[in-house]
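Visitor: I have a model on my screen and I would like to learn how to read it. Could you take me through it feature by feature?

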Amino acid sequence: MNNFKILAINSGSSSLKFKLYDMPAGNICVGGIVERIGSSEAQFSINDKTKTLPIENHENAVKCLLEELLEQNFINQLNEIVGVGHRVAHGGEFFKKSTVVKEKELEKIEQLGELAPLHNPVNAMGIKVFSEILPQSIQVAVFDTAFHQTIPSYNYLYPLPYSLYQKYKIRKYGFHGTSHQYVSQKAAEVMDLNFKESSFITCHLGNGASICCIKNGKSLDTSMGFTPTDGLMMGTRCGSIDPMILPFLEKSVCLSVDKIEHIINNEAGLLGISGISNDFRDVQISAEKGNLLSKIAIKMFVKRISEYILSYVSELKKIDGIIFTAGIGEHSAYVRREICKQLSCIDVRLNNHKNRDNENIISSENSKFKVLVIPTDEELVIAKDTYKLVHNLVKV
Ligand code: ADP
């Protein structure tokens with residue numbers, strides 16, 4: 001088996017997150033983030049040490065990163081990095097799995113920017129920059145939407161005129177696919193089940209949040225939709241709301257479309273209701289101090305999650321487990337307990353000690369369904385998918 005160094009990259013509009021892996025072992029050599037790209041006071045954090053320096057653009061950020069990897073001896077020469085895996089938000093209906101990116105694929109990712117204007121163009125730029133600066137490395141795209149490409153049409157279509165789907169591809173795509181896939185595979189491993197025969201409800205509860213209904217190892221439905229704004233209430237995103245609120249805000253409140261977009265993506269959710277913060281911990285502290293709106297925000301957050309879980313329970317005939325992951329899902333015993341209280345109608349029961357200690361399986365013996373906490377690792381999925389594709393290409 002060939003040993004390679006693989007970089008997993010998540011490019012944002014002004015940031016670049018990275019992790020360098022030794023594959024196939026999957027060991028992390030180093031990780032970090034470049035933030036505030038484009039500023040004279042950009043922040044470059046590597047192995048928890050941060051320095052401030054001017055970084056003009058993504059190209060400079062990548063150059064800085066590679067220099068640092070060489071200087072700190074994480075690599076001896078650049079061609080040790082055989083593959084670079086990039087998180088790409090939207091693969092539309094075109095990309096059903098991770099793929100090696102050449103000119104044609106890059107063009108398609110750019111075209112799909114129409115569906116994810118905030119993400120795909122910067123993801124594509126990240127791929128371009130690495131292919132220019134590290135021309136010997138193979139670029140791989142890993143799509144947030146790919147895992148959800150198995151969702152059947154009765155779940156991915158909206159009850160709108162069918163022509164809107166045909167003409168404009170307006171449908172549910174779903175996001176966080178790498179996370180839902182990773183934690184369900186890991187849970188199957190923990191429970192000694194064959195993944196392809198296992199069924200889970202996975203709750204990715206971070207600043208962005210989504211739920212997925214997985215039948216026989218395949219995504220059957222998910223809460224995010226045409227965009228990552230749909231579904232659950234999130235840190236700053238509203239999730240599902242009555243669609244007529246949007247034209248009302250435009251026509252009767254005279255807000256511009258840009259302002260409305262900003263409200264539903266950046267001023268809503270936990271922040272919008274509590275008025276305190278988008279960060280769950282802050283809202284919880286304020287609720288504990290008696291702030292009524294913070295208490296309501298948490299109640300709404302929990303209620304929506306339980307509603308989705310209950311609707312997915314009714315969709316799956318057999319359930320091997322309900323999984324919690326991401327910042328809130330992994331760390332908040334309180335949220336898990338509150339959600340499971342709402343699920344007592346379907347005989348879900350927690351073991352309070354195991355829940356408090358964030359153990360893998362936190363349900364009690366008499367629970368109808370197992371409840372699990374599985375830390376997500378999207379970068380590892382990116383590195384593994386990249387390794388698989390790169391390995392096939394370079395093997396002799
Ligand atoms: P994202 O990757 O979507 O930005 P994360 O998965 O890092 O988000 O999750 C961030 C959220 O997790 C924040 O709302 C934060 O308050 C919450 N969180 C982290 N640790 C805890 C904790 N111990 N208790 C409650 N919430 C937590």
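Visitor: Which polar backbone atom is 2.9 Å from an oxygen atom of the ligand?
Guide: A polar contact is a pair of N or O atoms within 3.5 Å; within protein, one must be able to donate a hydrogen and the other to accept it, and residues adjacent in sequence count only if both atoms are side-chain atoms. Here, a ligand oxygen sits 2.9 Å from a polar backbone atom of Phe 280. Another such pair, at 3.2 Å, involves the backbone of Arg 281. The backbone of Gly 327 has a polar atom 2.9 Å from a ligand oxygen.
Guide: Keep in mind that this is a predicted model: local features need pLDDT of at least 70, side-chain atom pairs count only at pLDDT 80 or more, and totals for chains, interfaces and linings use all residues. Residues are numbered from 1 along each chain as its sequence is written, and side-chain values use heavy atoms, leaving out hydrogens and water.

Visitor: Which residues are around the ligand?
Guide: Count a residue as near if one of its heavy atoms lies within 4 Å of the molecule. Among them are Gly 206, Asn 207, Asp 279, His 331 and Ser 332.

Visitor: What is the order of strands in the open sheet of 8 strands?
Guide: It reads E5-E4-E3-E2-E1-E6-E8-E7, with mixed pairing. Strands E5 (49-53) and E7 (99-100) are the edges. E4 (42-46) and E5 are antiparallel, with 5 bridges. Gln 43 stands opposite Thr 52 in E5. H3 packs on this sheet at about 170° to E6. H15 (378-394) also lies across E6, at about 130°.

Visitor: How many residues are in the largest nonpolar core?
Guide: In soluble globular proteins, nonpolar side chains tend to be buried together. A nonpolar core is a set of buried Ala, Val, Leu, Ile, Met, Phe, Trp, Tyr and Cys residues joined through side-chain atoms within 4.5 Å. Buried means under 20% relative accessible area, exposed over 50%, partly exposed in between (1.4 Å probe, protein chains only).
Guide: The largest core holds 40 residues. Its largest share, 8 residues, comes from H11. Ile 339 touches residues including Leu 205, Ile 309 and Phe 324. A second, separate core has 27 residues, including Phe 18 and Leu 134.

Visitor: Is Ser 137 buried or exposed?
Guide: Ser 137 is buried, because its relative accessible area is 8%. Ser 137 lies in the loop between H3 (120-133) and E8 (138-143). Its side chain reaches the backbone oxygen of Leu 134 at 2.8 Å.

Technical notes:
Helices (H or I, at least four residues) and strands (E, at least two) are DSSP runs, numbered from the N terminus. Contact means heavy atoms within 4.5 Å. Two strands pair if DSSP finds at least two bridges between them. Axes are lines fitted to C-alpha atoms, for helices over the stretch in contact, and angles run from 0 to 180 degrees between N-to-C directions. Lists of a residue's contacts leave out its neighbours within four places in sequence.
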